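Open the model in your viewer and keep the selection tool handy. We will go from stop to stop, and at each one you will hear what to select and what to look for.

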Amino acid sequence: MPPTTQIAASTGDDPAGGAAAPVELTWERIRSLPKVLLHDHLDGGVRPATVLEIADETGHELPVSGDERTAEGLGEWFRRAADSGSLERYLETFVHTVGVMQTAQALHRVAKECVLDLAADGVVYAESRYAPEQHLEGGLSLEEVIEAVNAGFRDGEREAAAAGRPIVVRALLTAMRHAARSAEIAELAVRYRDHGVAGFDIAGAEAGFPPSRHLDAFDRMKADNAHFTIHAGEAFGLPSIWEALQVCGADRLGHGVRIVDDIALGEQPAADDPVAAAAAVTDGSDRLRLGSLAAFVRDTRVPLEMCPHSNVQTGAARSIAEHPITLLARLRYRVTLNTDNRLMSGTSMTQEMYALVTETGWTLQDLRWVTTNAMKSAFLPFDERMVLIEDVIKPVYEVLGAQ
Ligand SMILES: O=c1[nH]cnc2c1ncn2[C@H]1C[C@H](O)[C@@H](CO)O1
Ligand SMILES: [Zn+2]
């Protein structure tokens, strides 16, 4: 694939600015890059060893036994079970992480380990989401759940900084779209906005549960000038994205990958052949047409929280090489790169970046661009975002780019 700097320069929206010498992007080099993660589920990133240990303590029944009942065996089970081609089946695996996250101690531990794992992966800023309503089986209140997770995040940040890997982590409170607690959860997101919570989200099975069912929650967030994202355009198409933006007023889209359904390559939907469509962008031909929703998302710089490995597992994309993220990046959408569920997808930010580099030709400039996009789109105050961009992200990419 031709270098992307051509397009970036022509749109004036290229934080990398100009061409740089090609740098060999090995796994280790990518791991050492500063990364920003906006879409990562706390209950989708539990260490398998932690699931095993807590299950042993609490009696939670796991789906592995005998020789498979090891951290490795359990990790493998999650990846296999999530690799189903269906979002609904993928989500069924969460019963075994949520099931061991029902006490303050367990939530604290999982949250702290999450921060340490992200810091080891080179993440310098992360928004970690979870649904407080799913952690009440042990008798905790919603507030106790939030406070236990917050305490774990703060301890993780301290430990990571002491080890020379500073990271800033904020929580996003998720409400489950099939349930009816979204107004309560939005209320809590507002109440804890200066105490570790940066925003609100809805998640869960998409088909049959349009985001407009939760309008009161979104109205509550807007009334208080608070931020929210909505899982939309993952297992369901354009109507879900349209509602999330035009009815609910989402600041960002969780996944949003189906926006390609509103892009055409000649007479064909670009979704049929995203690789050819990406090539059509870079060869300068004018065969690509954006529908009005696709144009709106690009024109208004709606951040897309894209999660390639997760999408391949749930059937929202055919492969990493054919994932629409590369087409959307070439078209200069406000693309961000994310893990979604590190445990279920056996992934990490390093893995997501490495796969794009090796399978679709992403460059160091692309990685810097996607990282800056994510930092710009974070639900963190503007001045704090700028400090991370200027003092933490830019210097590393600049040194590497100059090599
Ligand atoms: O990719 C996803 N789409 C919709 N819902 C999801 C996805 N990944 C995780 N979830 C659900 C399952 C979790 O239990 C919940 C809160 O993190 O969010
Ligand atoms: Zn998600």
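Which residues of helix H10 (residues 215–223) are buried? Select the helix and pick out Ala217, Phe218, Arg220 and Met221: these are the buried ones. Here a residue is buried if 20 or more other C-beta atoms lie within 10 Å of its own, exposed if 12 or fewer, and partly exposed in between, with C-beta atoms placed from the backbone. Helices (H or I, at least four residues) and strands (E, at least two) are DSSP runs, numbered from the N terminus.

Some housekeeping before you click on: this is a predicted model, in which local features need pLDDT of at least 70 and side-chain atom pairs count only at pLDDT 80 or more, while totals for chains, interfaces and linings use all residues. Residues are numbered from 1 along each chain as its sequence is written, and chains are lettered from A and ligands numbered from 1 in the order in which they are written.

**Around H10**

Now look down the axis of H10: its buried residues fall within an arc of 155°, so they line one face of the helix. That arc is taken from the directions from the helix axis to the C-beta atoms. Asp216 and Ala223, on the other side of H10, are exposed. Next, show strand S3 (168–176), helix H9 (182–191), strand S4 (197–203) and strand S5 (228–232), against which the buried residues of H10 pack. Contact between two residues needs their C-beta atoms, placed from the backbone, to lie within 7 Å. Following H10 you will find asparagine 225, with a positive phi near 55°.

**H3 and H4**

Select helix H3 (residues 48–58) and helix H4 (residues 71–82), whose axes cross at roughly 110° and come within 8 Å. H3 is therefore roughly perpendicular to H4. The label covers angles of 65 to 115 degrees, with those under 35 counted as roughly parallel, over 145 as roughly antiparallel and the rest as oblique. Axes are lines fitted to C-alpha atoms, for helices over the stretch in contact, and angles run from 0 to 180 degrees between N-to-C directions.

At the contact, Pro48, Ala49, Val51 and Leu52 of H3 meet Ala71, Leu74 and Gly75 of H4. Buried residues in H3 are Pro48, Val51, Leu52 and Ile54. Besides H4, the buried residues of H3 pack against helix H6 (95–98), helix H7 (104–120) and helix H16.

**H18 and H19**

Move on to helix H18 (residues 364–377) and helix H19 (residues 382–402), which pack at about 175° with axes 10 Å apart. This angle makes H18 roughly antiparallel to H19. Highlight the H18 side of the contact, including Leu364, Thr371 and Met375, and the H19 side, including Leu388, Ile393 and Tyr397.

**Ligand 1**

How many residues surround ligand 1? There are 19, and the closest are His41, Phe94, Ala131, Thr174 and Ala203. A residue is near the ligand if its C-beta atom, placed from the backbone, lies within 6 Å of it. Colour helix H5 (87–92) and strand S2 (123–130), as each supplies at least two residues of the shell.

**Two positive phi values**

Finish in the loops. Arginine 332 lies between helix H15 (325–330) and strand S11 (335–337), and its phi is near 65°. Aspartate 340 sits in the loop between S11 and helix H16 (342–345), with phi near 65° too. Most residues other than glycine have a negative phi. Arginine 332 is buried, with 20 other C-beta atoms within 10 Å, and aspartate 340 is buried with 29.
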